[in-house]
Amino acid sequence: MNAFQPEKPTFQPEKQGRSTPRPKKRLRQRSYRILAVETSVKITVNLVIISAALSALSQLLPYHWLQQDKLREIRTEVKLMEGRVSNLESEFSRNFDPTQAHTIKQEESYRFTPGKRHLVIINPDIKNTEESDLKP
């Protein structure tokens, strides 16, 4: 037990010399420059995108207005045609209605039943001018 024990190496911290302090001021200025460049690039890209969008919009708006005018005209024509179609449909249903066949025949042929008299309305002003033209 009195044997020699191996000596334990003692760890002593190495002397740390003064490390050179980083120039914090330069790092801050550099980071500010990088941020400024990055921000200016972002603004430039956004301005380019905005100008392209405005250019496209300025070309599309007249086309849109023209299409709206055409659409308005077509809607007006459709309304007119709907009225015409409804008139034609009512006339068609009237022409093929068996209960009105007799009245339609009278209208088309200008013939009347024996019990009815044909009336012709004459404008009296025209009659007077015709008589004055006939007298010498």
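**Salt bridges along a helix**

Mentor: Searching the whole structure turns up two salt bridges, a salt bridge being a side-chain nitrogen of Lys or Arg within 4 Å of a carboxyl oxygen of Asp or Glu. Keep in mind that this is a predicted model, where local features need pLDDT of at least 70, side-chain atom pairs count only at pLDDT 80 or more, and totals for chains, interfaces and linings use all residues. Residues are numbered from 1 along each chain as its sequence is written, and side-chain values use heavy atoms, with hydrogens and water left out.

Start with Lys-42, whose side chain meets that of Glu-38 at 3.5 Å, N to O. Both sit in helix H1, four residues apart, which is about one turn of the helix; helices here are DSSP runs (H or I, at least four residues), numbered from the N terminus. Glu-38 counts as partly exposed because its relative accessibility is 39% (buried is under 20% relative accessible area, exposed over 50%, partly exposed in between, with a 1.4 Å probe and protein chains only).

Now slide along to Asp-69, which pairs with Arg-72, their closest N and O atoms being 2.7 Å apart. These two also lie in helix H1, three residues apart, again about one turn. Asp-69 has 37% relative accessibility, so it counts as partly exposed.

Helix H1 covers residues 24-95 and includes Ile-50 too. With 46% relative accessibility, Ile-50 is classed as partly exposed because of that value.
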